[in-house]
Protein chains: 6
Amino acid sequence: MPSASPIFTDIDFDRDGKQVSTLNLPHSPHEDAWGVMPIPIAVIKNGSGPTVLMEGGNHGDEYEGPIILGRMIRELDAAEIQGRLILLPAVNTPAVVAGRRTSPVDGLNFNRTFPGNPRGSMTGQIAHYVHDVLFPMADAFLDLHSGGSSLDILPSAIVEPTPDAGLADKIMKAVLAFDAPYTVILDNLGEPRTATASAVRAGLITVGTELGRGGAVSIDALRVGERGVRNVLAHLGVMEAAPDATRSESRVVQVPGAAGYVYAPAAGVFEPFDEKGATVEEGAQAGVVHFLDDPARPPVPAHYRSAGLLISRRQPGHVERGNCVAVIGVDCGDG
Amino acid sequence: MPSASPIFTDIDFDRDGKQVSTLNLPHSPHEDAWGVMPIPIAVIKNGSGPTVLMEGGNHGDEYEGPIILGRMIRELDAAEIQGRLILLPAVNTPAVVAGRRTSPVDGLNFNRTFPGNPRGSMTGQIAHYVHDVLFPMADAFLDLHSGGSSLDILPSAIVEPTPDAGLADKIMKAVLAFDAPYTVILDNLGEPRTATASAVRAGLITVGTELGRGGAVSIDALRVGERGVRNVLAHLGVMEAAPDATRSESRVVQVPGAAGYVYAPAAGVFEPFDEKGATVEEGAQAGVVHFLDDPARPPVPAHYRSAGLLISRRQPGHVERGNCVAVIGVDCGDG
Amino acid sequence: MPSASPIFTDIDFDRDGKQVSTLNLPHSPHEDAWGVMPIPIAVIKNGSGPTVLMEGGNHGDEYEGPIILGRMIRELDAAEIQGRLILLPAVNTPAVVAGRRTSPVDGLNFNRTFPGNPRGSMTGQIAHYVHDVLFPMADAFLDLHSGGSSLDILPSAIVEPTPDAGLADKIMKAVLAFDAPYTVILDNLGEPRTATASAVRAGLITVGTELGRGGAVSIDALRVGERGVRNVLAHLGVMEAAPDATRSESRVVQVPGAAGYVYAPAAGVFEPFDEKGATVEEGAQAGVVHFLDDPARPPVPAHYRSAGLLISRRQPGHVERGNCVAVIGVDCGDG
Amino acid sequence: MPSASPIFTDIDFDRDGKQVSTLNLPHSPHEDAWGVMPIPIAVIKNGSGPTVLMEGGNHGDEYEGPIILGRMIRELDAAEIQGRLILLPAVNTPAVVAGRRTSPVDGLNFNRTFPGNPRGSMTGQIAHYVHDVLFPMADAFLDLHSGGSSLDILPSAIVEPTPDAGLADKIMKAVLAFDAPYTVILDNLGEPRTATASAVRAGLITVGTELGRGGAVSIDALRVGERGVRNVLAHLGVMEAAPDATRSESRVVQVPGAAGYVYAPAAGVFEPFDEKGATVEEGAQAGVVHFLDDPARPPVPAHYRSAGLLISRRQPGHVERGNCVAVIGVDCGDG
Amino acid sequence: MPSASPIFTDIDFDRDGKQVSTLNLPHSPHEDAWGVMPIPIAVIKNGSGPTVLMEGGNHGDEYEGPIILGRMIRELDAAEIQGRLILLPAVNTPAVVAGRRTSPVDGLNFNRTFPGNPRGSMTGQIAHYVHDVLFPMADAFLDLHSGGSSLDILPSAIVEPTPDAGLADKIMKAVLAFDAPYTVILDNLGEPRTATASAVRAGLITVGTELGRGGAVSIDALRVGERGVRNVLAHLGVMEAAPDATRSESRVVQVPGAAGYVYAPAAGVFEPFDEKGATVEEGAQAGVVHFLDDPARPPVPAHYRSAGLLISRRQPGHVERGNCVAVIGVDCGDG
Amino acid sequence: MPSASPIFTDIDFDRDGKQVSTLNLPHSPHEDAWGVMPIPIAVIKNGSGPTVLMEGGNHGDEYEGPIILGRMIRELDAAEIQGRLILLPAVNTPAVVAGRRTSPVDGLNFNRTFPGNPRGSMTGQIAHYVHDVLFPMADAFLDLHSGGSSLDILPSAIVEPTPDAGLADKIMKAVLAFDAPYTVILDNLGEPRTATASAVRAGLITVGTELGRGGAVSIDALRVGERGVRNVLAHLGVMEAAPDATRSESRVVQVPGAAGYVYAPAAGVFEPFDEKGATVEEGAQAGVVHFLDDPARPPVPAHYRSAGLLISRRQPGHVERGNCVAVIGVDCGDG
């Protein structure tokens with residue numbers, strides 16, 4: 001059985017100039033026997049130079065990436081770059097339209113489906129196209145995340161670790177070029193199915209972000225993100241540096257594996273005891289879970305299992321057992 | 001057909017001391033033919049004095065009120081008060097358990113069901129009990145709201161207007177005693193079905209709040225709320241004033257009716273242009289709606305229709321047409 | 001606005017013989033603009049004599065009543081009776097088709113909608129027809145319930161109390177004629193919206209039952225129910241007594257109001273300590289709630305609040321807070 | 001408790017010219033505490049003359065009315081009329097957006113909620129505004145329906161009967177002016193809660209339609225509808241007659257009550273035996289219900305209960321028991 | 001781990017005569033731990049001759065195939081054939097019972113699951129049985145589709161292309177023998193997971209159809225289909241030719257890949273500009289998308305990207321972005 | 001891509017004493033980007049001796065196993081054993097919390113997902129951990145099932161067949177040691193994806209059970225199960241025999257493949273004709289399916305296809321076609 005991607009498009013990836021169109025993924029649900037899911041894409045190319053693939057909407061409730069890439073699509077002129085930009089501002093289109101982390105089509109988290117499957121369900125088909133068709137065209141990959149509905153996180157650029165020391169060095173330089181207030185080294189507990197882990201395995205210079213928070217659109221995070229994308233493109237030689245690109249001081253931290261996470265010990269409502277950005281002690285109470293319908297029952301505490309910087313808290317008060325309520329980063333020295 | 005409330009309880013409202021129990025509302029869904037919905041309640045009474053009814057969990061995703069009242073239930077000794085406190089920390093219990101604004105049982109917004117209906121669905125049955133059984137016992141009513149999942153709002157105490165000048169004066173004094181950073185006069189566009197509107201019609205000294213925001217639990221808002229509740233109880237003569245009750249300066253604003261609200265002009269993702277607490281101009285752009293799956297389509301702006309203080313913004317980026325994206329308050333002079 | 005029932009039928013209630021047809025209730029959902037909900041009905045009439053209205057399927061997951069009435073509809077000859085039988089074997093038709101206690105059309109419990117509403121949603125429209133059209137034709141009413149999905153109950157005939165002493169006497173005699181193993185006096189905590197409470201207010205000789213249990217079809221309960229229906233019809237003079245109608249000894253108990261019910265004190269899985277039919281002591285443990293996903297947490301006990309006969313237990317192990325886990329009846333003397 | 005409509009708008013109904021805006025209905029679900037449902041409205045006014053209220057989207061899956069009224073809103077100049085047009089092109093806005101007959105907000109059929117309720121759920125609140133605010137402004141009412149998802153119907157103008165002979169005469173003249181291929185006298189089996197039944201009770205000259213069919217947009221039906229609306233407005237003196245308004249011959253039929261409807265006798269798939277527009281005989285088979293998963297089971301026939309013109313068939317093959325599979329009209333003489 | 005199909009049946013595929021039974025697929029959902037999904041099957045055999053596998057209900061909302069095969073099962077005598085017919089009138093049984101294109105059990109489109117998986121979810125298990133057990137028994141395969149809920153299509157026989165010229169010739173002859181008004185060469189944009197693509201890869205003489213349309217049962221399509229099936233069976237030598245089998249003139253067209261499809265450019269309601277069967281020009285407007293809740297917004301056009309015959313339009317007016325609104329076929333010369 | 005399990009835990013499997021903690025499975029749904037599903041686990045170890053893996057909550061609506069293992073976790077002292085116990089009292093945690101047979105996270109039946117998949121959805125990830133991490137540590141495996149919501153079954157210990165005669169002998173001895181009232185040899189029609197089939201393939205001494213029934217918690221079944229688990233642990237040399245471990249007489253039966261099962265011949269309500277535990281004849285009626293909404297339609301019978309002991313009946317009266325309504329076991333001689 002053939003295994004090429006079923007996605008088709010009228011984009012010519014080798015043509016100079018700006019093209020704005022869609023990737024068309026045939027699918028055949030009850031409501032539409034012979035239609036497609038159109039995934040927005042733009043290619044902006046000018047002469048020779050590196051190819052940078054930029055993705056927003058990996059999760060559908062993280063809005064700064066899609067807004068920043070959409071603005072570039074509308075406003076950037078091909079003459080302003082040298083090389084090629086491939087922009088996927090809303091790659092997980094059904095999730096973006098729904099404003100949900102995961103796809104309403106098949107319930108999957110796009111960022112847990114790499115390297116994808118051309119004959120699987122929709123989310124894996126999109127991942128397969130990114131992995132098998134677009135990654136091979138690219139030199140670098142920017143995956144623009146925000147905290148989404150559940151995380152209230154510090155604005156950060158993200159380093160995906162790799163055992164390839166040469167690549168790791170290029171990645172760290174590119175991430176520091178982004179110049180977010182915080183730089184976080186994070187491997188998702190070794191999860192290999194993410195876009196960035198796959199991109200790193202494919203040898204791409206990979207830059208992740210966590211820009212905004214709480215399922216909202218943040219004015220600050222947009223500013224950080226727009227400046228950071230420009231900085232990385234300048235670092236890669238695709239654009240000129242912006243006038244405001246002066247290097248600031250990004251604080252570099254690493255999430256120390258499972259010990260960096262605090263999980264809700266019971267279902268209820270979590271009251272945090274520290275603000276995001278605080279320095280916390282190992283063993284201290286991170287907060288308590290309240291049982292609002294049973295006020296006589298004493299709240300149950302959760303404890304930090306590592307000292308360090310409180311880089312993220314849970315946004316919704318409501319928790320199920322095991323929900324992540326706090327994440328700690330340990331300083332690695334400045335960037 | 002009889003019209004008394006079907007709710008029963010083992011609470012003796014006239015007994016001195018602290019009782020913690022439940023209101024039991026019989027209901028009969030598929031899963032449980034002969035059970036009840038238990039609604040937590042506590043009564044703390046000591047001698048004579050005013051009766052203050054305090055309610056949290058009117059909406060199930062507003063957590064500071066329930067946490068504050070739950071803590072009082074566990075920690076307050078009857079000897080510390082003079083009079084009677086009736087505490088309903090999670091009045092809309094099914095919504096609180098679900099962490100949803102509205103009740104998962106019948107889909108209703110508790111705060112749009114007053115004066116309730118003893119033979120209606122569950123939400124109206126609870127409202128009826130509050131209105132017909134508890135309001136007549138009470139001299140004052142505190143309804144502790146937060147912004148819930150959709151609002152990112154300034155921490156405020158709320159004045160429900162009334163044409164009864166004498167009552168209005170008592171209400172303003174009690175709300176100012178709460179001493180929140182902001183005091184907001186707000187009538188929900190004349191909505192008569194809220195708990196506070198009903199309480200005011202019933203002649204109660206009524207204090208509303210909007211403590212926290214974004215469906216989260218806020219450390220600041222808990223501090224504001226705990227201090228405010230204590231202040232109001234002291235103002236009413238039920239407790240002694242707290243040592244930290246020194247009067248600060250609450251800024252008093254009024255929402256100028258429909259002109260105070262900015263609604264999303266299209267479905268998409270809203271990017272706000274101003275931070276909460278900003279002073280804005282009439283006619284200025286409040287932000288734009290982006291169409292993330294169609295980046296070539298120009299964003300559509302929304303405009304302020306009144307100058308003033310930006311007291312609330314929408315938390316989720318995702319908007320449907322008509323969603324409230326901003327609320328303006330006009331200064332009334334300081335409190 | 002007219003308030004007659006919108007239900008129409010080709011049944012002629014005054015015609016001798018057996019007619020099997022439907023009540024047709026117009027409704028207009030998305031799937032069917034101009035259709036009806038057909039509610040099965042049969043009328044079996046022979047000369048003069050009392051009219052007995054018999055209802056099965058008040059709740060859609062209680063099967064013995066509908067099976068017994070369906071068998072009568074197929075097998076009973078008009079010549080075997082004197083008077084008129086009106087049989088509604090599946091009165092809450094959408095719930096019966098779904099096998100659910102409550103109606104999938106509007107989510108309502110039919111037995112909480114009397115006296116109904118001809119312009120309300122479907123469940124209330126059916127209740128209105130029973131109340132306003134059929135009750136006035138009838139001298140007696142049999143409402144054949146079983147325990148449904150949530151109750152594991154002793155096979156019982158049910159007495160709906162009434163302050164009218166003359167009617168109460170007639171009801172008690174008719175219920176005892178049913179001759180179930182147990183006779184239970186039960187007012188649903190004063191609930192006025194049930195079919196039997198409404199029938200009693202309308203002056204009908206009213207016989208309730210709880211035949212089977214656990215959402216299952218019980219061989220025993222079918223035998224009890226078929227014999228009981230025949231016995232009641234004989235008692236009312238509509239049929240001859242069955243050869244096996246010899247009076248046995250029904251144990252008569254009364255549910256002592258709210259104290260008769262034991263409610264789950266927490267969400268989890270309830271382990272009962274006594275078998276149905278046991279004699280229990282006030283204050284003894286009825287069982288414990290386990291927290292299966294948190295085995296270190298000690299189970300929480302529930303206690304009987306009345307001594308007596310354990311007439312019903314909860315069928316599903318899974319409980320929410322407030323679910324009824326046990327019901328006690330107090331002996332009234334033998335029948 | 002006040003009972004005025006909570007709907008507000010910036011439309012000035014007395015101003016000359018064309019205004020396009022929204023009716024704003026405050027509602028407060030989980031996703032949006034302080035927003036509105038915006039219902040599109042336009043008012044086109046020029047000097048004095050009759051007021052004609054025109055409504056599309058009463059059901060959300062009937063598209064010709066909304067398309068026709070939307071085109072008028074975009075293209076009609078106030079100078080082309082004499083009097084006032086009030087256009088509600090998508091009155092049941094949530095249903096129109098969803099493409100569903102009934103509202104996804106509260107599950108209700110808008111056309112079963114008149115005269116509405118200002119404090120009920122959303123659908124009744126909209127109906128109340130139409131009934132209490134707009135009907136009193138209007139002389140005539142056009143309610144532009146199509147067959148929707150479930151009906152495959154002949155293109156028709158509809159007469160809502162009234163006992164008021166004078167009004168009935170005006171209505172018949174206006175409906176015949178519409179000049180659809182078929183004119184159908186239809187009272188929905190006496191249903192009083194429809195928009196047209198309410199309008200007639202309010203004394204308005206009322207014209208209904210069933211333009212398109214099968215949940216589709218029909219080129220023919222758009223032509224019939226646009227011409228018909230223009231014809232009625234000319235008849236009422238609000239516009240000049242269109243050049244193509246020459247009177248054709250509408251066939252006038254009446255649905256003879258319940259006997260006009262054929263209902264599915266079982267759940268399955270219905271195979272019809274006659275095409276729409278056929279003349280059928282009483283007692284003939286209208287078709288059969290097949291049991292596709294049990295091919296050995298013989299199909300079950302359904303029969304016509306009245307002779308006449310087959311004006312509508314069911315669109316979806318899938319049927320539940322009681323679904324309307326055919327509707328018959330009996331000739332009343334030509335129009 | 002064994003990989004044989006878990007499906008079992010009491011059918012003896014080698015026995016002469018007519019057998020009507022079920023394929024039994026064990027599955028174990030919440031509602032039924034140890035049951036099966038029974039899939040109707042019939043085998044009609046007489047002596048030696050080709051084996052023809054005939055399938056209806058590949059999609060559950062396409063009714064003509066199941067009705068035609070069900071009628072053959074009830075009415076055809078084994079003596080009327082020479083060879084063997086294997087009939088699966090409702091192969092995707094759960095979808096057929098639900099009247100949905102896709103299976104309600106696992107959400108999958110049966111026609112995107114070949115060659116199936118004996119240990120996957122239900123839809124793939126059925127596909128595996130058809131592919132691994134039934135295809136090897138068969139010489140020819142008829143897959144009787146209709147347009148289903150979303151397509152309003154011309155009645156057609158379908159040619160699945162194959163690079164095997166000898167097989168292609170046999171297929172074309174068999175499809176032309178069907179003698180539908182239209183013959184369409186269609187490869188679903190190269191989709192390899194369909195039943196017909198798999199059958200062709202397995203070397204079977206494969207005949208597809210699109211008989212009816214719009215989720216309805218069509219009198220015409222039933223006639224076309226019954227005659228066509230008989231014609232193909234005669235062509236294959238299994239039955240005698242029917243008296244009315246005179247060859248008519250089928251118009252043969254080919255869908256020219258992606259250029260043959262018109263997709264909705266925005267979400268809204270699509271108004272088509274041409275009737276099915278029309279001849280259209282490349283670049284002409286196929287129709288416009290209306291925004292019914294925002295009548296001031298101009299409709300957005302969609303254009304044909306190929307000239308030719310309009311063989312299919314979308315049935316529902318409601319569209320999401322990317323829904324197929326029109327399909328074009330290009331003439332290949334007559335059949 | 002790495003294929004190790006993503007599950008992590010702080011349990012040290014080699015440490016003596018009792019540890020109670022969780023397996024932590026990272027997952028990333030909309031509600032919780034960086035959290036885990038915590039799966040309760042306990043390890044109780046004392047010196048050397050066999051390792052016994054015990055699992056409850058394979059299906060989430062089978063409660064006796066989880067209760068028994070939970071009690072052992074709270075009450076058993078490490079000094080009471082010799083060897084190692086690994087207890088997973090609620091292995092399919094999301095299903096246990098929901099009280100559903102299948103997981104609400106991905107809809108899968110845990111007992112149809114072995115050997116699992118470390119990169120699949122949650123249910124397969126848990127199965128993979130049990131299969132790849134825990135099975136290799138274990139000598140014996142107890143999988144404590146009950147009948148769940150759909151089965152009303154005799155209390156039984158279950159033998160999973162194996163072609164390995166030596167293992168089969170060890171398994172039979174261990175199962176008989178359990179000493180349930182009934183011992184049933186059952187291979188789920190050859191289903192290879194169950195926990196016990198996988199454990200047997202992995203060479204473990206495997207004991208299954210069906211303790212309770214009907215989705216309820218049974219006092220008897222708890223007694224049978226607690227005694228049986230103790231007996232098996234004694235048999236394996238991990239604990240001392242209980243004082244009440246005297247061998248009773250377990251009746252040993254085998255389910256004779258597909259012929260042992262009776263399936264509902266139609267959708268409706270099934271009335272059984274025999275009680276569980278009865279001896280039945282091949283060809284006799286097992287019961288009838290009633291059509292409650294169509295009482296004139298004759299009930300349809302289902303027949304036994306094997307003589308023997310009626311070991312299980314369906315609990316819910318409501319049936320779909322193909323639901324298992326009865327299971328027969330054939331005697332193998334006493335145990």
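Predicted model: local features only at pLDDT ≥ 70, side-chain atom pairs only at ≥ 80, totals over all residues.
Trainee: How much of chain B's contact surface recurs in chain A?

Mentor: The contact takes 37 residues from chain B and 37 residues from chain A. The same surface serves both copies, and the share of chain B's contact residues that recur in chain A is 100%.

Trainee: Which element gives the most residues to chain B's side of that contact?

Mentor: The elements giving two or more residues to the side of chain B that touches chain A are β3 (36-46), α1 (64-75), α2 (93-98) and β13 (268-272) of chain B. By class, that side divides into 21 nonpolar, ten polar and six charged residues. The top contributor, with five residues, is α1(B).

Trainee: Is α1(B) largely enclosed or largely open?

Mentor: The helix has twelve residues and reaches 16 Å from its first C-alpha to its last, close to the 16 Å expected. Its buried residues include Ile67(B), Ile68(B), Leu69(B) and Met72(B). Nine of the twelve are buried, so α1(B) is largely enclosed.

Trainee: What about chain pairs that don't touch: how far apart are the closest C-alpha atoms of chains C and E?

Mentor: Chain B and chain F make no contact, and their nearest C-alpha atoms are 12 Å apart. Chain C and chain E have no contact either, and the gap between their closest C-alpha atoms is 12 Å.

Trainee: Now inside chain A. How many residues does domain 2 give to the contact with domain 1?

Mentor: The assignment gives domain 1 (8-250) and domain 2 (257-334) in chain A, and their C-alpha centres lie 30 Å apart. On the domain 1 side, β7 (151-153) and β9 (182-185) of chain A each give two or more residues. That side has seven nonpolar, five polar and three charged residues. Domain 1 of chain A supplies 15 residues to the contact, and domain 2 of chain A supplies 13 residues.

Trainee: Over in chain E, which strands are at the edges of the four-stranded sheet?

Mentor: The sheet is open, runs in the order β16-β15-β13-β18 (chain E) and pairs antiparallel. An edge strand pairs on one side only, and here those are β16 (300-303) and β18 (318-319) of chain E.

Trainee: Last one: which residue takes a positive phi just after α4(E)?

Mentor: The 14 residues of α4 (residues 165-178) of chain E should span 20 Å, which agrees with its end C-alpha atoms being 20 Å apart. Among its buried residues are Ile171(E), Leu176(E) and Phe178(E), and the cover over the buried ones includes β6 (140-145) and α6 (219-235) of chain E. Just after the helix, the residue with a positive phi of about 65° is Asp179(E).

Methods: Residues numbered from 1 in each chain as written. Chains lettered and ligands numbered in written order. Contact = placed C-beta atoms within 7 Å. Domains from an automatic or database assignment. Nonpolar A, V, L, I, M, F, W, Y, C, P; charged D, E, K, R; others polar. Pairing = 2+ DSSP bridges. Expected span 1.5 Å × (residues − 1). Buried ≥ 20, exposed ≤ 12 C-beta atoms within 10 Å, placed from the backbone.
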